[in-house]
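This briefing describes how the parts of a predicted model are arranged and how they touch one another. Please look over the sequence and the structure before reading the points that follow.

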Amino acid sequence: MKPVRTTTLREYAFKREKLNNRARSAGSLAFFFGPYFICFIMFFAFPLVLGLIMSMSSFTSNSVYPAEFVGFSNFKTVFTNPVMIKDFWSSVWYTIRFALIIVPLCIIIPLALAMLINLKPPGYKIFRACIYLPGIFPLTATGLILLRMFSYHNGFINALFDISVDWFGQTGTAWFMVGLFCIWGGIGGNFIIFCAGLENVDKSLYEASGIDGASPWKRFLYVTLPGIKPQLVMCIFTSLCGYMNLYGQNYILLSNTPDQDSVMTAVFRIQNMLLGSSRSYGYVAAMGIILGLIIAAISAVQMIATKERQGGNKRVSAFVDWKKSQ
Amino acid sequence: MFRRSWIGKNLSKIIAFVILLCVSLIFLLPLVYGVLGSVRTYTDLSGRPESLFPTSPAAFTWDGYKELFSKTKFVESHANEYFPIWNWLLNSLVVSLGGTLVYLLIASFAAYAFVFLDFKYSDKIFGLLIATMVIPGIVSTTPQLINMNMLGLYKSLLGLIVPSFGGVYGVYLIRQFFISIPKDLVENARMDGASNIGIFFKVVLPLGKSALFVQGLFGFMAAWNDVQWAQLIIGAAPRTTWTLAYGLKVISDNSEATESMTLAFASAVIAMIPIFIVYLVAQSKIIEGVANTGIKR
């Protein structure tokens with residue numbers, strides 16, 4: 001009888017401890033992971049689901065709650081309604097067109113500057129800090145300065161060069177100013193990433209290629225570029241996604257441009273519809289999803305195009321690798 | 001001989017120096033123009049627009065700042081020139097500092113759970129979180145606004161803060177740092193009978209604080225600079241609920257008509273100072289953070 005009893009006791013104690021441990025670890029899991037989990041559901045997952053529901057609902061004029069399920073008719077309207085085509089799709093096109101011009105510039109210019117920094121001329125750390133500096137400030141502050149600097153009447157630039165260009169008044173120059181703003185206040189991140197990438201390129205490869213008599217251009221193509229490929233891919237990806245979401249620069253610089261329709265980006269259009277009184281939430285939600293799909297599609301094409309051909313690699317893991325690779 | 005060879009050897013460095021000097025000056029020019037413009041009279045700014053500096057001692061003035069801090073009371077006849085700047089500063093501080101600190105706590109708790117509390121499906125859940133990072137933010141802008149409306153946070157500062165709490169990137173970044181902490185340290189502490197909360201605050205947090213610092217810096221700057229979400233949430237709220245970055249837009253729009261350029265420049269400088277201080281103090285950390293993690297703004 002005795003041995004049996006001891007085993008039960010031991011088993012009981014063991015079981016008890018296991019249960020206790022499990023309860024304790026469940027408790028700490030709830031304590032540590034719970035807050036974020038709730039926030040993630042409330043402020044990330046739920047809005048996504050809500051967006052899907054909204055894009056398939058109609059709204060009454062004075063409520064933020066979806067009124068009626070209408071299927072895909074909002075999407076259909078966005079694609080077929082002439083006003084939508086004129087307003088939304090033209091702004092999508094402006095956004096893509098601008099991105100196609102600005103993204104290469106936002107790669108080439110910081111790369112060139114980073115290569116100069118990499119030569120380590122005296123004071124290069126100060127130069128690096130100066131070039132990164134404009135991007136850290138609020139867009140409204142730096143934009144306000146640019147607005148005054150390039151102002152038509154008594155602007156610094158017009159007076160300095162003795163010209164009278166209405167920089168923000170015409171569609172063409174207005175977009176030019178947005179581009180200037182994007183380069184001045186936006187290349188800092190790419191620039192720093194390239195600086196770090198160039199620093200890590202294997203120096204012995206340069207020496208070897210120098211001994212082999214490779215021209216500087218060849219050296220750039222076959223040593224430098226492959227050496228910073230992860231940084232390059234990441235910067236192209238983030239810049240492209242970033243400029244597809246272009247809003248602040250246009251909003252801040254171009255509120256007084258007469259032809260507003262011609263300087264509106266897609267996000268600008270969505271933002272305006274949200275701020276307006278029309279309460280067309282169903283359409284706006286649908287537009288957001290459509291624009292999101294376009295951005296996702298562009299970045300997917302870009303991911304495939306710049307990835308080395310390795311069959312069977314999952315897209316998500318490729319994405320994570322980029323994020324990891326400095 | 002010696003001289004020529006020195007130049008020859010360093011030619012590329014000299015060229016790089018000259019180009020970088022020019023580029024740096026061009027990049028600094030608007031900032032210098034703005035800062036100096038904030039201490040120039042309107043007559044000087046408009047009369048000698050080609051000058052970067054105050055053209056005479058008489059053209060130097062602190063009036064821009066004085067005026068900015070005197071328009072903090074609502075006057076019916078000058079409703080457009082009502083700039084409660086102390087409220088804006090305080091609101092910006094609450095949103096950026098408060099929001100960032102709370103998110104850091106939530107996110108580092110979650111990161112701790114992922115790394116040190118091997119729970120069931122933790123890898124799968126983390127993979128799912130990472131996968132959501134490819135969803136462009138614009139998809140959830142509209143529903144997030146409605147969500148805030150439903151929660152009663154529309155037109156309130158909390159509506160500016162809480163959406164960032166669901167952010168994935170901070171959790172990801174902090175987790176990457178926590179992974180590099182030797183597991184033995186945590187196991188030893190656990191053997192000694194330390195609770196998870198104790199381990200988190202006494203072992204993990206001190207070792208991973210640089211990750212939190214980097215995430216905090218960028219969170220702070222992003223919140224301080226935000227205009228787009230602020231416009232949606234607090235744009236229709238009374239001016240006392242605005243943030244500084246958003247208020248600047250109104251000052252800017254207002255400045256041309258009212259010839260208050262000095263005041264506008266002064267407000268821009270006020271908005272830039274806190275960020276500049278952060279940059280001065282943590283410059284190397286910020287540059288390191290961009291270089292190592294790819295956060296940009």
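Buried area is the accessible area, found with a 1.4 Å probe, that two parts lose on being put together, summed over both. In this predicted model, domain 1 of chain B and domain 2 of chain B bury about 1500 Å² between them, and carbon and sulfur atoms account for 79% of that area. Chain B and chain A bury about 8800 Å² between them, while domain 1 of chain A and domain 2 of chain A bury about 310 Å².

**Overall form of chain A**

- The secondary structure of chain A consists of 15 helices and 2 strands.
- Chain A has a radius of gyration of 28 Å, well over the 20 Å that the globule rule gives for 326 residues, so chain A is more spread out than a compact globule.
- Along the principal axes, the C-alpha atoms of chain A fill a box of roughly 110 × 70 × 40 Å.

**The two domains of chain A**

- The domain assignment divides chain A into domain 1, residues 2-55, and domain 2, residues 83-324.
- The contact between these domains involves 4 residues from domain 1 of chain A and 5 residues from domain 2 of chain A.
- The centres of domain 1 of chain A and domain 2 of chain A, taken over C-alpha atoms, are separated by 44 Å.
- Of the area buried between domain 1 of chain A and domain 2 of chain A, 81% lies on carbon and sulfur atoms.
- On the side of domain 1 of chain A that touches domain 2 of chain A, there are 2 nonpolar residues, 2 polar residues and no charged residues.
- Between domain 1 of chain A and domain 2 of chain A, the count of salt bridges is 0, and 0 residue pairs are in polar contact, with both residues required to be at pLDDT 80 or more.

**The two domains of chain B**

- Chain B is divided into domain 1, residues 2-79, and domain 2, residues 84-293.
- The C-alpha centres of domain 1 of chain B and domain 2 of chain B lie 31 Å apart.
- In the contact between them, 18 residues of domain 1 of chain B meet 15 residues of domain 2 of chain B.
- Within domain 1 of chain B, the residues B:Y42, B:L68 and B:F69 lose the most area to domain 2 of chain B, and together they make up 40% of what that side buries.
- The count between domain 1 of chain B and domain 2 of chain B is 0 salt bridges and 1 residue pair in polar contact, both at pLDDT 80 or more.

**The interface of chain B and chain A**

- The contact takes 102 residues from chain B and 93 residues from chain A.
- Carbon and sulfur atoms carry 76% of the area buried between chain B and chain A.
- Across this interface there are 0 salt bridges, whereas 16 residue pairs are in polar contact, both at pLDDT 80 or more.
- Helix α13 (residues 261-293) of chain B gives the most to the side of chain B that touches chain A, contributing 17 residues.
- The residues on that side of chain B divide into 69 nonpolar, 26 polar and 7 charged.

Notes: Residues numbered from 1 in each chain as written. Chains lettered and ligands numbered in written order. Predicted model: local features only at pLDDT ≥ 70, side-chain atom pairs only at ≥ 80, totals over all residues. Heavy atoms only, no water. Domains from an automatic or database assignment. Contact = heavy atoms within 4.5 Å. Salt bridge = Lys/Arg side-chain N within 4 Å of Asp/Glu carboxyl O. Polar contact = N/O pair within 3.5 Å; in protein donor to acceptor, adjacent residues only side chain to side chain. Nonpolar A, V, L, I, M, F, W, Y, C, P; charged D, E, K, R; others polar. Helix = DSSP H or I, 4+ residues; strand = E, 2+ residues; numbered from the N terminus. Rg over C-alpha atoms; globule rule 2.2 N^0.38 Å.
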